[in-house]
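I opened the notebook to record what I looked up, entry by entry, in the structure shown below.

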Amino acid sequence: MSDRIFGVVGLLLAMAYAWSALIIEESFLSDAVGPKAFPLIIAGVLALASIAIFLKPDAEPHWPQLGRLLEIAAAIAVMIAYALALPEIGFVIATAVAASYLTWRLGTTPLGSLATGTLTSLGIYAVFHLILGLSLARGPLGF
Amino acid sequence: MDTLSSLADGFAIALTWQNLLLALLGCFLGTIMGALPGLGPSNGVAILIPLAFTLGLGATPSLILLTSVYYGAMYGGRISSILLNIPGDEPAMMTCLDGYPMAQQGRAGEALSLSGVASFVGAFLATWGLILLAPQLVKIALLFGPAEYFALFTLAFATLGGVSSTNQAKTAFAAALGLGLAMVGVDTQTGVPRFTYGEVHLYDGIDFLVAIVGLFALSEVFIFLEHRHGSADAESRKIVIGRLMPSFALLRQCTPTMLRTSFLGFLAGVLPGAGASLGSFISYSMEKKLVDKEGTFGTGDPRGVAAPEAGNNAAAGGALVPMLALGVPGSGTTAVLLAVLLALNITPGPLLFAQQPDVVWGLIAALFIANFMLLAMNIPMIGLFTRVLMVPPRILMPVVAMVSFVGIYGISGSSFDLLVMIGFGLMGWVLRKLDVPLVPVILGTLLGNAMESNMRRAITIDNGNWLTLIDSPLSIALWSLAVIGFVLPMVFGKVLKGRMKMAKDEEGAVTD
């Protein structure tokens, strides 16, 4: 079933891609092929592959339980929040929070994960910023 | 003689204190990354690319660092195979078969050092193979015009799924997806924006480093989150290392095996679509047929440890031949190394040998240096690396995730790229669940623009005649190979994959 859905999604993607390719505005100065042809070929391959996947699906993959899916969704949410917060609150705090969250969800005790997260953050800051001189996000506190 | 003097020049470039230090660092990090289950050579190199890049290292030093990581990871993969019966990466799968039984018999130290020597022999001979073969391939490659290059790219994609691929439709899907992503941004030939939907950040395209780190490293984090209660917590087992040095008699017994399998592995590495996993697989099978008279393979035969290790390290060296000489990688990790070259503004291919010989020969010299360092490191320091295996993934994976973020943020300093990377991580996870290979996606994003511009150049030269793509004997040959390479796995793929997976069923979609 998963592969059938995957095939349909792939086909829709191919169609959307082909349509996006067709509405590319061509410049008045163009080579013999133009900017549309290759994307259209790609859309064709994408569509054919999707049809083949739809017609001949593999065995069902092992999907995780709903709880695990929510787990991944939550991790993604934390990562997005991290990406957005990075320039606002600075590298060390943001990283400590995100790393603590991840190691907590991977099964460390709450207190232990707080310590691990903080150490991870400080360790990366020390190695990458202080030793290697990489510029990391600066928050209002300067780190 | 010409080759030898070029090589000497290469050593002159590589033998500076800074470069030696970088090689040492790369070997060390690479071995650790190879040893940790879930972090293969592709992942390892991918995470470190942004680092080398943002450190402002020059072309040759960055290459030395990253190829040392590559070779180191190939060495390291065997450690967890032997000690834990979990392959550190896919090519090390075959090493489990005899390595783990040896460890159970209390001969872990011997197995580790023997496989270290085998890795060295394989990689050392393969580096010589690279020196001899790559310049010959360059001569052929100089005959290539744009039409032939287009055919060559197609060949690379058609064979990328490899002989062991089970579902070619999914490989094709992945390749098209990667190529499609490469099209995003301003068209280089006419200057019109494509697939940008008005988003300014997309005008200069999707950075392939962002795609690679997201697809490989972040998707690995998601896989671990999914399996938290399963394999994520490494059991702390008591491992008896035993004596460290293999006896002289044992080395002599294994020497013919190592020489044969190095040759075979190198060939598997050079051929498109074979790669290191297949290299170690055929090496093991051949040795089993040739020397296993008493049926000891699979029960802890030292030759069964030496064969796949020599094979997969030789294949790793062999895979560099098409990557350097043609600019078309044949495996996942060499695709990542190609990304390194492109990020450094070096275009591999025949002209690289003519125009930037210092890069090529410096790199080759670095491979030799890395190889000796790894041998020296892997035998006495093996205890240290085994201790690294005890770091539980619940602490390790967040570190991997955070280092990925740091690397990408270091390049661009924009949150937008981080969001794109998270998107790629999610995509990588879904694709891996659906058993879609990730390497073609990467290769597609890397080569998409070059492939398109070669096609357009060929057709424009011939006044818009599309048939020019199949006009010369060379391109017809390449196209036929591509078709054969694509169709063949549909017939043989299932059988081969079944045999390779007899010991373990792994979830990894990251080959090599």
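Which residues does Ser404(B) touch, not counting residues up to four places away in sequence? I found Ile47(B), Val213(B), Ala217(B) and Leu218(B), where contact means that the C-beta atoms of two residues, placed from the backbone, lie within 7 Å.

I noted that this is a predicted model, in which local features need pLDDT of at least 70 and side-chain atom pairs count only at pLDDT 80 or more, while totals for chains, interfaces and linings use all residues. Residues are numbered from 1 along each chain as its sequence is written, and chains are lettered from A and ligands numbered from 1 in the order in which they are written.

I placed Ser404(B) in helix H18 of chain B, helices being DSSP runs of H or I with at least four residues and strands runs of E with at least two, numbered from the N terminus. Ser404(B) counts as buried because it has 26 C-beta neighbours inside 10 Å, the cut-off for buried being 20 or more other C-beta atoms within 10 Å. I also looked up Ala46(B), which is 358 residues from Ser404(B) in sequence but 8.8 Å away in space, C-alpha to C-alpha.

Turning to the interface, I found 53 residues of chain B in contact with 58 residues of chain A. On the chain B side, H18(B) gives the largest share, 12 residues.

Last, I checked helix H2 of chain A, residues 37-55, whose buried residues include Phe38(A), Leu46(A) and Ile53(A). The buried residues of H2(A) pack against H1 of chain A together with H8, strand S2 and H20 of chain B.

Note on methods:
A residue is buried if 20 or more other C-beta atoms lie within 10 Å of its own, exposed if 12 or fewer, and partly exposed in between; C-beta atoms are placed from the backbone. The expected span of a helix is 1.5 Å times one less than its number of residues.
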